[in-house]
Amino acid sequence: MLLSVIIPVYRVESTLHRCVESVLSQHVSEMEIILVDDGSPDSCPQLCDEWAQRDQRIRVIHKTNGGLSDARNAGINIATGEYITFVDSDDYLAPDTYAPLLERMGDNDILEYAIDERLTLNDNTYEDINEYWLREKAYTHTYACNKIFKHSLFEEVRFPKGRVFEDVYTLPQLLARTKKIATTHLGSYHYCWNPEGITSTADGYALKQLLEAHLAGKMPIDDSYYMYLVNIQIDVWERLGGAIILPQRAIKTSGLPTSKKLKAFITNTLGIKILCRIIKSIHLVKKPSRL
């Protein structure tokens, strides 16, 4: 088996057919599709079984609900492909995406490709993983869905059950086992905005987990990445208050865009917590009053 495509399924009656059809239409003969029914309370379990009856490339797992990480892990546990990739069941693939990507894999451990208009990539190859992380600003697109991974990377790695922003926790672990990673302009993953998803509904506690995930990854931090983390810390403190999680560090403002220089200057001179208070005050002033 060349490629295992893992698709967690939970309350996606309206989008499951589009997702599965987009994967089945890929011109990859040695491919298995693993539908993981994560205890979905609607008709998704039956839809998964119907798909398995229609196409022998499809395998189905029915399990009690454990969340996205748990569902992905269940798929990894039975995957037989040399490579593994993931698709969220409310998204879909552009035609002829996987075959050119697999030809491009070569000796790369990970290949990252585009997400419609949200993320465009050039053809680059990195043997220095830290360079990939900082030059490509990979910390802003840690998604599992737009990458093809060597199966062997997951021998000792699984997604963290019960955590949100699970990709931010997992990608640094995979990168620690990676010798070579490539990005490509080929292919396209179509992300569909979900108003009920964690990205659109994240509260302060979820954002705190996001910040903790970045810090736990122990990846190199340059000034641009640090200011990215400062913005997350601002959002966390504005919602939850309490202690500042992000360690203070000196920032060289010369290399930053104008939009970040003022925040960096305040952080350097007054500290992150004062910056948080200033931003919160600005938001309170701008917030329209209710009559």
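1. Against which strands and helices do the buried residues of α2 pack? They pack against β1 (3–9), α1 (16–24), β2 (31–38) and β3 (58–63), where helices (H or I, at least four residues) and strands (E, at least two) are DSSP runs numbered from the N terminus, and contact means heavy atoms within 4.5 Å. This is a predicted model, in which local features need pLDDT of at least 70 and side-chain atom pairs count only at pLDDT 80 or more, while totals for chains, interfaces and linings use all residues. Residues are numbered from 1 along each chain as its sequence is written, and side-chain values use heavy atoms, with hydrogens and water left out.

2. In helix α2 (residues 44–54), the buried residues are Cys-44, Pro-45, Leu-47, Cys-48 and Trp-51, buried meaning under 20% relative accessible area with a 1.4 Å probe and protein chains only. Seen down the axis of α2, these residues fall within an arc of 165 degrees, so they line one face of the helix; the arc is that of the directions from the helix axis to the C-beta atoms.

3. Not counting residues up to four places away in sequence, Phe-154 touches Ile-76, Ile-84, Phe-86, Phe-149, Phe-159 and Leu-174.

Methods. Buried means under 20% relative accessible area, exposed over 50%, partly exposed in between (1.4 Å probe, protein chains only).
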